[in-house]
6 protein chains.
Amino acid sequence: MIPALPAIMVEPAVRAALLEDLGRAGDLTTDAIVPASVRTECALVARQAGVVAGLDFATTAFRLIDPAIETLVERPDGSRLAHGDLIAVIRGPARGVLTAERTALNFLCHLSGVASATRGIVDAIAGTNAQVVCTRKTMPGLRAAQKYAVRVGGGSNHRFGLDDAVLIKDNHVAIAGGVRAAVERARAGVGHLVKIELEVDTLVQLQEAMALGVDAVLLDNMGLETLRQAVEIVGGRAITEASGRIRPDTAPAIAATGVDLLSVGWLTHSVTVLDIGLDHRD
Amino acid sequence: MIPALPAIMVEPAVRAALLEDLGRAGDLTTDAIVPASVRTECALVARQAGVVAGLDFATTAFRLIDPAIETLVERPDGSRLAHGDLIAVIRGPARGVLTAERTALNFLCHLSGVASATRGIVDAIAGTNAQVVCTRKTMPGLRAAQKYAVRVGGGSNHRFGLDDAVLIKDNHVAIAGGVRAAVERARAGVGHLVKIELEVDTLVQLQEAMALGVDAVLLDNMGLETLRQAVEIVGGRAITEASGRIRPDTAPAIAATGVDLLSVGWLTHSVTVLDIGLDHRD
Amino acid sequence: MIPALPAIMVEPAVRAALLEDLGRAGDLTTDAIVPASVRTECALVARQAGVVAGLDFATTAFRLIDPAIETLVERPDGSRLAHGDLIAVIRGPARGVLTAERTALNFLCHLSGVASATRGIVDAIAGTNAQVVCTRKTMPGLRAAQKYAVRVGGGSNHRFGLDDAVLIKDNHVAIAGGVRAAVERARAGVGHLVKIELEVDTLVQLQEAMALGVDAVLLDNMGLETLRQAVEIVGGRAITEASGRIRPDTAPAIAATGVDLLSVGWLTHSVTVLDIGLDHRD
Amino acid sequence: MIPALPAIMVEPAVRAALLEDLGRAGDLTTDAIVPASVRTECALVARQAGVVAGLDFATTAFRLIDPAIETLVERPDGSRLAHGDLIAVIRGPARGVLTAERTALNFLCHLSGVASATRGIVDAIAGTNAQVVCTRKTMPGLRAAQKYAVRVGGGSNHRFGLDDAVLIKDNHVAIAGGVRAAVERARAGVGHLVKIELEVDTLVQLQEAMALGVDAVLLDNMGLETLRQAVEIVGGRAITEASGRIRPDTAPAIAATGVDLLSVGWLTHSVTVLDIGLDHRD
Amino acid sequence: MIPALPAIMVEPAVRAALLEDLGRAGDLTTDAIVPASVRTECALVARQAGVVAGLDFATTAFRLIDPAIETLVERPDGSRLAHGDLIAVIRGPARGVLTAERTALNFLCHLSGVASATRGIVDAIAGTNAQVVCTRKTMPGLRAAQKYAVRVGGGSNHRFGLDDAVLIKDNHVAIAGGVRAAVERARAGVGHLVKIELEVDTLVQLQEAMALGVDAVLLDNMGLETLRQAVEIVGGRAITEASGRIRPDTAPAIAATGVDLLSVGWLTHSVTVLDIGLDHRD
Amino acid sequence: MIPALPAIMVEPAVRAALLEDLGRAGDLTTDAIVPASVRTECALVARQAGVVAGLDFATTAFRLIDPAIETLVERPDGSRLAHGDLIAVIRGPARGVLTAERTALNFLCHLSGVASATRGIVDAIAGTNAQVVCTRKTMPGLRAAQKYAVRVGGGSNHRFGLDDAVLIKDNHVAIAGGVRAAVERARAGVGHLVKIELEVDTLVQLQEAMALGVDAVLLDNMGLETLRQAVEIVGGRAITEASGRIRPDTAPAIAATGVDLLSVGWLTHSVTVLDIGLDHRD
């Protein structure tokens with residue numbers, strides 16, 4: 001099971017989202033209509049198949065609005081959901097439940113969408129040695145949460161930011177005046193625990209990269225045959241990462257070339273929510 | 001032209017996103033490879049057709065990283081883009097440009113995605129009287145930005161949060177013990193500038209709602225024929241809003257029923273980025 | 001009873017106020033004089049008649065300083081107080097009680113002042129159909145709290161900010177080049193749940209406004225007879241709001257003209273505190 | 001002239017107040033009606049006599065909304081205003097001016113109200129040696145700004161918070177078991193630059209206090225004759241501070257008793273705004 | 001015993017430090033290796049003699065990471081530690097303990113270092129009347145915590161900031177055009193509870209200062225004989241503070257001159273941590 | 001030259017430190033004594049030899065207090081300073097310069113202290129292949145700044161936090177039930193750009209580690225002869241890092257063993273400030 005994010009990483013995002021929704025006057029509708037004494041019991045239910053992620057965010061939303069709301073998780077983050085599956089029970093004062101509902105679902109449906117999409121590709125390439133990784137193409141402010149959801153879906157994380165690994169792209173190479181200069185400057189400039197990855201566009205560049213001893217190579221938008229040759233050239237001396245137009249239907253062939261990683265940007269920038277609803281039991 | 005968001009609403013989101021990316025050590029790669037004296041000129045270029053939105057967010061990212069970076073916008077927010085169109089020119093110290101690039105693009109590609117999707121539906125229903133509106137199903141923390149992008153794309157905004165209009169849903173009705181009680185409590189509880197909208201599931205409920213004088217009705221998941229009858233029942237006495245499975249291909253028929261508003265959640269929760277790139281001119 | 005503000009809207013304001021008072025060294029006096037083991041029991045007592053508001057803010061101040069402090073509310077927000085009435089009992093470690101006392105009272109006395117002043121006008125116009133509303137003339141940073149106190153005092157809230165309704169003032173009309181242009185631009189520019197109110201200075205303007213179908217009219221600084229005619233002209237087709245020099249003694253006559261709303265700025269910008277003390281029982 | 005507050009103390013309060021007013025959608029009215037190209041020139045004008053304070057807060061509001069807005073101050077903080085006096089000229093894009101107007105005025109009218117009320121008492125006691133001081137009974141979150149306005153009005157500041165002086169009140173004395181114990185514990189517990197003030201209710205207590213060598217005595221709610229005797233007993237060995245029901249009409253007699261300070265809570269908790277308007281010149 | 005800092009002053013610093021350490025992905029090592037079900041019991045143990053300070057910061061770190069972690073303090077802040085002494089027991093889920101460990105120790109070892117260094121000088125001058133005080137030469141962001149640690153070590157606090165006492169330095173005197181002008185301006189400009197201290201370089205200046213009635217004099221970098229004469233000149237009419245190169249070995253002679261205060265900057269800017277470890281008991 | 005930290009990483013820390021010093025009333029002394037019109041020119045001057053670091057923090061302090069203050073850097077970060085060297089000239093309104101002085105110096109003296117200490121060890125081991133690295137034993141809230149100063153001093157950075165590399169310590173090994181299990185779990189749990197380092201206590205453990213293919217080994221508190229054998233065992237297959245009691249006098253012998261890295265905690269937790277003063281030129 002994927003370790004949960006510490007609460008102090010979860011709470012600030014949920015708090016901000018709740019305040020964004022409450023505005024300056026709170027939930028006008030619920031406050032006017034629902035007496036304080038009414039209690040409710042609801043169920044978070046999957047309305048389509050997928051993988052659930054983000055339950056800590058959702059339950060935190062309810063708890064921050066009213067600590068008297070209890071949440072009982074039936075299917076924790078990472079569970080595979082069938083249509084109709086019960087995910088969690090929410091029980092407590094109806095006002096708070098209704099007020100927090102949308103914020104809780106906004107987190108839960110999006111993060112489950114990320115996890116489900118990730119799982120879709122991970123499953124598609126089962127049997128190969130390749131792993132699915134996400135990128136820095138994330139929704140502003142939600143990177144840690146989205147990368148957590150990728151892990152929940154069976155993927156791995158690439159860089160979390162500009163500061164935790166070197167990734168030399170074509171612009172860096174151009175400015176440095178060549179691959180060798182770029183790699184040497186990078187090696188001289190960063191600490192010993194920082195890995196160096198180089199984006200290569202051609203097999204010639206790849207051979208030059210191998211001679212320089214980089215830790216990983218990013219093989220961007222290469223055809224299948226070129227990828228296969230690239231893997232052969234690398235020969236296990238570095239991690240090979242393929243990127244560009246990787247979808248569930250194209251992933252198996254790409255993974256079959258022997259690359260170590262499939263890098264998939266849309267998992268975090270263009271994903272569809274997983275439909276999860278909050279059913280109020282009367 | 002859609003009025004820009006004030007800078008004090010734009011800057012905090014961009015600042016947070018930059019810090020999320022910089023982490024504790026900044027851009028290891030660029031700092032190590034690119035000398036401080038190198039300057040660059042780049043172009044933000046559309047890699048697919050669509051509508052651009054979020055240029056203030058993008059240019060703010062560059063400016064916050066280095067005030068010496070100049071940005072010249074060629075096609076402002078709301079412009080229709082063809083593949084290859086030049087959107088803006090970015091000029092200045094290469095380090096800052098490379099460091100801010102991903103954050104700038106994360107905002108720009110997402111918000112342009114929202115605007116383009118909105119425009120897609122707005123165009124599809126051109127000739128009808130219906131308007132496209134978004135919902136509270138937004139990405140946590142990005143609501144104001146996303147709703148701005150919807151406006152840029154030709155849509156309108158529904159509620160910004162729980163506090164700026166009353167929307168009575170089925171759960172409220174159930175707890176109140178009926179539509180009449182719910183509407184009366186709402187009217188007694190909120191200020192005179194707050195409109196009241198009621199979600200109705202059946203035409204019988206709709207007739208009850210009309211008798212109560214609500215300002216708007218949300219017609220959720222009704223078939224085309226039912227929508228037509230609903231519009232007739234309302235007869236201009238309230239705003240009619242249709243929701244449920246509204247996509248570019250289904251929108252025209254729904255709009256043709258005569259409803260005033262098409263409410264589209266996926267514009268803000270499941271949208272695909274518009275592909276915009278930063279081309280470094282050497 | 002007026003619904004309470006959610007705790008996540010109350011706590012940040014109280015936390016900031018406590019830190020403002022604690023500075024960098026905390027309560028020098030109490031820390032030096034009062035041993036940690038001393039406990040106390042105090043009573044929040046009304047020193048004049050009025051309406052209490054803000055108990056959540058006050059009790060939060062005590063709880064944030066020391067979670068061991070218990071607070072028992074005898075007369076909740078909205079209660080009418082006579083001189084000497086017991087409002088709440090505060091019990092716990094004396095250090096925390098003394099340290100939080102001033103911050104708790106600053107919130108409680110001010111918000112009760114707002115509620116009491118509101119109640120004064122609401123009572124003065126009892127028997128008419130008019131409602132008392134507050135404005136955006138609030139103390140910077142305290143708007144949500146003050147507007148809550150107005151509700152507690154029996155008033156209603158006008159706009160919470162620039163973004164939750166349209167209020168077209170004379171400057172807008174002047175720039176637009178007339179009432180018609182202003183109203184039409186507003187209608188085209190905002191969403192369907194946003195009401196449009198227009199400030200009118202003369203009955204001629206009012207007739208123009210009625211022809212345009214605005215939702216509400218602000219009748220600023222009109223004499224009683226003019227107000228009466230204005231109400232007649234409107235004839236129930238829009239909400240009528242009177243503003244300008246509304247005090248408890250002038251309010252009844254204004255309300256008797258038939259206007260729907262009395263708008264009172266001084267409730268939130270020039271109000272006198274309600275005198276509430278914390279009596280330490282020895 | 002009173003030194004201005006550093007901008008880094010002014011900006012955060014103004015920024016928060018602007019965001020409180022802008023909400024999630026900004027100024028709906030102005031954005032819809034006023035074209036971006038329209039410029040305006042307005043005048044901040046006194047609508048009643050008083051003392052102006054808070055211009056930095058007001059001009060910061062305009063500047064934060066749009067840096068293109070110019071502000072020319074004609075009568076700086078501390079100036080005495082007659083009805084109709086021009087305080088400052090505001091010039092620039094009309095949108096920004098209209099959007100920032102209410103926030104700017106909320107600060108300016110309140111802080112000028114504080115300064116004017118202070119000046120009223122200061123003037124009333126002119127010719128005596130007494131000074132007017134404010135208290136910790138401030139509006140939550142606005143303490144630094146209010147205390148600045150008191151200085152602008154000719155007053156002095158008492159403690160800014162719990163941490164910058166010792167003020168021993170009756171409850172501290174009761175818990176310590178007497179005045180001597182309280183003073184001794186305080187002296188032992190705080191640094192050498194911290195002054196110690198003691199609240200005394202009777203002349204007997206005062207004599208005890210004098211024997212202990214406190215730096216100041218707070219003479220709470222004493223009659224004029226008692227105050228005179230108290231001043232005589234102290235004989236210049238400590239600062240004497242009178243508090244309780246000090247208004248412009250009662251202040252002169254109290255000051256004439258020879259006390260050093262008049263402590264006035266309502267200057268910061270129950271003050272009336274000074275009426276200042278923004279006149280749009282067409 | 002030194003009163004604890006209120007939790008609302010401790011928590012924000014600890015929260016920020018934890019987030020600084022967790023980054024965007026949390027504790028990679030522990031999350032990957034330690035199952036959620038493993039529990040641990042550890043001991044905070046002194047690895048050298050000294051005085052402990054900062055236990056609230058340390059225990060808050062554990063609690064914020066996981067509320068299920070229990071902390072039992074055996075030797076509270078201010079306790080003298082021998083090598084090997086047990087300070088506290090930490091018990092709970094191993095993941096949280098390992099994740100919070102470094103942040104907890106960073107606070108505890110530094111603040112105990114400050115307290116221990118303070119105690120070293122305080123002990124060295126035992127028997128004299130002098131007190132040890134710290135300065136504003138603190139680690140940015142940690143002033144309140146460091147000054148608390150000085151108190152725990154037996155020292156007193158000098159100014160907490162620029163706003164809680166007047167300290168006139170040579171540059172102020174130069175700009176004012178002399179000691180008299182500087183002191184008079186200061187007295188006119190600040191409130192009655194603010195003490196005035198003057199830095200003097202020579203005995204001539206000191207005599208001038210005494211004639212002006214300042215509350216304290218800072219005797220900077222004077223030799224022992226000069227200090228003795230200074231104390232004699234002051235004759236108890238003001239507080240005397242010596243500063244400059246005060247170390248445990250030089251302190252006794254300086255204190256023996258009769259000065260009231262020894263001001264020691266390095267206690268907060270150049271102190272060595274106290275070595276405290278977290279021993280995991282298997 | 002070491003790349004500067006982006007301004008958006010520098011400003012928040014400086015802003016917080018200034019507000020910590022300004023408190024609620026600002027610089028009482030300077031405001032009272034120094035007229036607004038007085039200008040000054042000062043010099044930041046080295047009072048001892050060392051390496052300067054943190055000039056951006058210092059100049060930002062002056063600029064944030066008053067944008068009219070100019071700063072001219074003569075010896076940028078990384079420069080070796082002799083006693084008396086001019087580092088920078090500060091020119092502008094005297095009030096702002098005096099108000100910002102202490103905050104500017106607190107950053108500059110501490111960070112220069114870190115850089116100078118680092119340089120001391122780096123110079124001591126010149127001629128070997130070893131590098132100096134810092135640890136996570138940093139001052140809470142100042143990690144990014146301190147690690148920057150280490151780089152300025154010629155050192156490298158180890159992990160910035162728990163999330164940017166795996167460091168398996170003895171407790172992790174104990175819980176995992178052995179080195180093999182710990183390493184395997186780590187490898188399975190983290191992304192491909194994350195390096196794995198293992199702390200080893202004995203040469204037997206080291207041999208086991210080498211068989212597992214870790215990226216780096218931390219050789220804690222080993223004697224010189226053991227270190228030499230460890231380096232031989234590793235034989236270049238992993239990075240070797242020595243830690244424990246590394247001071248300028250012990251460093252050369254340790255570096256001579258052939259280890260790649262010397263890990264030095266006290267550089268960031270127990271360093272002495274570099275004495276830099278601000279000389280006011282009259």
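Partly exposed residues have a relative accessible area between the buried limit, under 20%, and the exposed limit, over 50% (1.4 Å probe, protein chains only). This is a predicted model: local features need pLDDT of at least 70, side-chain atom pairs count only at pLDDT 80 or more, and totals for chains, interfaces and linings use all residues. Residues are numbered from 1 along each chain as its sequence is written, chains are lettered from A and ligands numbered from 1 in the order in which they are written, and side-chain values use heavy atoms, with hydrogens and water left out.

**View 1. Glu225(C) and Arg228(C) form a salt bridge.** Their closest N and O atoms are 3.3 Å apart. The term salt bridge covers a side-chain nitrogen of Lys or Arg within 4 Å of a carboxyl oxygen of Asp or Glu. Both residues belong to helix α9 (residues 224–234) of chain C; they are 3 residues apart, so about one helical turn separates them. Helices (H or I, at least four residues) and strands (E, at least two) are DSSP runs, numbered from the N terminus. Glu225(C) is partly exposed at 43% relative accessible area. Arg228(C) is partly exposed at 38%.

View 2. Asp163(F) pairs with Arg24(B), with 2.4 Å between the closest N and O atoms. Asp163(F) counts as buried because its relative accessible area is 2%. Arg24(B) is buried too, at 9%.

**View 3. Domain 1 of chain A meets domain 2 of chain A.** The assignment, from an automatic or database source, gives domain 1 (7–116 + 271–280) and domain 2 (123–269). Their centres, taken over C-alpha atoms, are 35 Å apart. Contact (heavy atoms within 4.5 Å) involves 15 residues from domain 1 and 14 residues from domain 2. The two bury about 1000 Å² between them, 67% of it on carbon and sulfur atoms. Buried area is the accessible area (1.4 Å probe) that two parts lose on being put together, summed over both. Leu111(A), Val114(A) and Val271(A) supply 40% of the area that domain 1 buries here, more than any other three residues.

**View 4. Arg80(A) and Asp123(A) form a salt bridge.** The closest N and O atoms are 2.9 Å apart. Arg80(A) lies in strand β4 (residues 80–81) and Asp123(A) in helix α4 of chain A, so the pair ties together parts that are 43 residues apart in sequence. Asp123(A) is partly exposed at 34% relative accessible area.

**View 5. Asp85(C) lies in a loop of chain C.** The loop runs between β4 (80–81) and β5 (86–93). Asp85(C) counts as buried because its relative accessibility is 17%. Its side chain reaches the backbone nitrogen of Ala82(C) at 2.8 Å. Beyond neighbours within four places in sequence, Asp85(C) is in contact with residues including Leu44(C), Arg75(C) and Arg80(C).

**View 6. Chain D touches chain A.** The contact takes 5 residues of chain D and 5 residues of chain A. About 280 Å² is buried, with 37% from carbon and sulfur atoms. Glu20(D), Gly23(D) and Arg24(D) supply 95% of the area that chain D buries against chain A, more than any other three residues. The count of salt bridges between chain D and chain A is 0.

Notes. A polar contact is a pair of N or O atoms within 3.5 Å; within protein, one must be able to donate a hydrogen and the other to accept it, and residues adjacent in sequence count only if both atoms are side-chain atoms.
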